[in-house]
Amino acid sequence: MSDIDHAARREAVAAGMRRLGGGVLLLPAATEKVRNADNDYLFRQDSDFAWLTGFDEPDGAVLLFAEPRLRRPDYVMFVRPKDREKEIWTGIRAGVEGAKARFGADEAHPVAELDAKLVEYLDQSGPLWYRLGFSPEWDARVVSVLKQLRAKVRTGARVPDPVRDPAKVLHELRLVKSAPELARLRRAAEITAEAHLAAMRDGRPGTREFQVQSEIEYAFRRRGGSGPGYGTIVAAGANAVILHYRAGDAELKEGDLCLVDAGGEYQYYTADVTRTFPVSGEFTKPQRKAYDVVLAAELAGIEAVRPGATVDGIHDVVVRKLTEGMIALGLLPGGVDERIADGAYKRYYMHRTSHWLGMDVHDAGAYHVEGQSRPLEAGMVLTVEPGLYVAPDDEGAPAELRGIGIRIEDDVLVTAEGHEVLTAAVPKLPQEVELCCTR
C-alpha cells in the first residue's frame, strides 16, 4: 500500500483524539488462528491495524499518543523480533529495526516485552482508547495492566481514565474513502465482475455449487486479488432463501435460479456483489416477474443515493417498491401503506438494504449520529441489496413462487453530484443476464 500515507492517517487519528481529550490508542494486531492440529488459517491482518500501520505481520500491537511529549515516543510498535530459524519456515520479518525504518515507529520493542512495557507507557497517559469486548485475551491483558497501575497509585502512578472506544475516531476516518482507497475498490469491482460472469457462464444444469464457487474464486486470484473478501455464497434453487448460505454440493438444476453473493478482495479492499441467474439460461415467467420486482427496487434504491440522503431513507424507498411488488405477485393482500405499517413485508424481505463497504464487507462507521440516521457524504461507499425470499414450504404464497430466492446487490459510491455504481459492469438487466448464461 505504498501510495497510502499511513503517517498522515496516524496524525488524523491523533488529532481526533486530541479533540476528545487526548490520551493514547492501544491497537492490537491480528493473531494467527489454528485451523486444525498444527495448521493455521491463512493470515489476514485486522482491518483497523492495517489501515493505521500498513503492517502485515501477526501478533503485537501499537501505541499512538495524541499529545507529543519530551522523552517519550509518540508512536510505538510491538513486533515479532528477527529470528533466522523461524524465518526459514514462515518468512522474513520486519523486526524491531524494520518497524522503525520501514513502518514509521518512533520506538519499537519485541512483542515479548509487551506486558511490561504497557505498564510503563500507559502510566500518566490520560484516556485509554481501546476497544473492549472484541478479544477476551486482550481484555484480560488490559485489565491486568490497569490493576498493576492501581497498585502503584501511592507511589505516583496514574491509571488511564476513562477507557474509550477508538471507533469514535478511527472508524469515522475509515468511513470516507480517499482516492487510493477508491482505486482499490474499483479494482476489486473489476475482478468481481469477471468472477460473476464466470459464474453465469459455468453455472449450467448438472454443475454443483462448489464448482461454481471454484470458478468465482479462481477469477479473484487470477486477476490479482487476494481471494474472497467474505464467504462466497452460491445458492442453487431453494437454498437461495437462506440469507447467509455457503456454497455446498447441491446440484444446479434445469428451471432453477442460482443466487451468487461474492466479492473479491484487492489489497485489503473488497467488493460485495449479488446476482441471481436462471440455470437454464432463461427465466420462467414467474421467475421473471419476481426478478423484475427486485430489480425495480434496487434501481430505485440506487437512484436515492446522494449527499444528504440516509441509509434509512434508502431502505424506506426499497421497502415501498418491494411491498408494491409483493402485492402485485400475490404474496401479500391489501394496500402498500398497510403492509409496510404492520411489517408484513418482512416475511419475504427480512434484512436491511445497505451497509458500508471498504476494508471489511460490513465496513466501519456509525449509521446513526445523535440518534438520527446520518446523512451520506461524498466519498462514502455503501451497498444497495434488496431481495425477495419465498420459503419452499410457504403455503400462503403462490405455488409457482415457492422456493424462489432473488437478491441483486451493487456497490455505490456517493459523489458530490449524486452517485456512481462501482459494480455496473456486472450484468443485471434480465436480458443481459440471460445472454451471459447462453452456452
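**Aromatic rings and their surroundings**

Tyr291 is buried, its relative accessible area being 0%; buried denotes under 20% relative accessible area, exposed over 50% and partly exposed in between, with a 1.4 Å probe and protein chains only. Phe283 is likewise counted as buried, at 7% relative accessibility.

The model is predicted: local features need pLDDT of at least 70, side-chain atom pairs count only at pLDDT 80 or more, and totals for chains, interfaces and linings use all residues. Residues are numbered from 1 along each chain as its sequence is written, and side-chain values use heavy atoms, with hydrogens and water left out.

The structure contains five aromatic pairs. Rings of Phe, Tyr and Trp (its six-membered ring) pair if their centres lie within 6.5 Å; planes under 30 degrees apart are stacked, over 60 edge-to-face, and the rest tilted. One of the pairs joins Phe65 and Tyr121, tilted, at 6.3 Å centre to centre and 55 degrees between the planes. This pair links distant parts of the chain, 56 residues apart: Phe65 belongs to strand β4 (residues 61–65) and Tyr121 to helix α5 (residues 114–122). Helices (H or I, at least four residues) and strands (E, at least two) are DSSP runs numbered from the N terminus. Phe65 is buried at 3% relative accessible area, and Tyr121 is buried at 9%. The rings of Phe283 and Tyr291 have centres 4.8 Å apart and planes at 45 degrees, so this pair is tilted.

Phe65, Phe78 and Tyr121 make up one aromatic cluster. The charged end of Arg72 sits over the ring of Phe65, 3.8 Å from its centre; this requires NZ of Lys or CZ of Arg within 6 Å of the ring centre and within 35 degrees of the ring normal.
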